Amino acid sequence: MGVIVNKDNSKSDELSRRIDADLREKLSGNSRVSSDDPDLAEDAEYLKDLKKTGRFSWVWAVLVILAILSLILIFRL
């Protein structure tokens, strides 16, 4: 024995279509970014005394990796 259920999808389809259209409209309105707007991220007060990464920053990465490897080898034995 089976039950046949008919659901009226036209209301939910219409609602989904209206929501999608509204979201697309809002998204297209927000995506207009002017190239004339300055990016003030580097002018922030907390970045005032910071320096850019130097040429030998890769040395620190190698030292950290070697330290981790040596700790693994020490505790493994």
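**Exercise 1.** Is R17 buried, partly exposed or exposed, and what is its relative accessible area?

*Solution.* The model considered here is a predicted one. In it, R17 has a relative accessible area of 48%. Residues count as buried under 20% and as exposed over 50%, with partly exposed in between, so R17 is partly exposed.

**Exercise 2.** Identify the salt-bridge partner of R17, and describe where the two residues lie.

*Solution.* The partner is E14, and the closest N and O atoms of this salt bridge are 2.6 Å apart, which falls within the 4 Å cut-off. Both R17 and E14 belong to helix α1, which covers residues 10-30, and they are three residues apart, about one turn of the helix. E14, with a relative accessible area of 36%, is partly exposed.

**Exercise 3.** How many salt bridges does the model contain, and what can be said of the one formed by K26?

*Solution.* As a general point, side chains of opposite charge can pair when their charged atoms come close. The count comes to two salt bridges. K26 forms a salt bridge with D22, and here the closest N and O atoms are 3.8 Å apart. Because K26 and D22 are four residues apart in helix α1, about one helical turn separates them. As for accessibility, K26 is exposed, at a relative accessible area of 51%, whereas D22 is partly exposed, at 34%.

**Exercise 4.** Which backbone oxygen lies 3.0 Å from a polar atom of the side chain of S28?

*Solution.* S28 is found in helix α1, and its relative accessible area of 37% makes it partly exposed. The backbone oxygen belongs to E25, and it lies 3.0 Å from a polar atom of the S28 side chain.

How values were computed:
Residues are numbered from 1 along each chain as its sequence is written. This is a predicted model: local features need pLDDT of at least 70, side-chain atom pairs count only at pLDDT 80 or more; totals for chains, interfaces and linings use all residues. Side-chain values use heavy atoms; hydrogens and water are left out. A salt bridge is a side-chain nitrogen of Lys or Arg within 4 Å of a carboxyl oxygen of Asp or Glu. Buried means under 20% relative accessible area, exposed over 50%, partly exposed in between (1.4 Å probe, protein chains only). A polar contact is a pair of N or O atoms within 3.5 Å; within protein, one must be able to donate a hydrogen and the other to accept it, and residues adjacent in sequence count only if both atoms are side-chain atoms.
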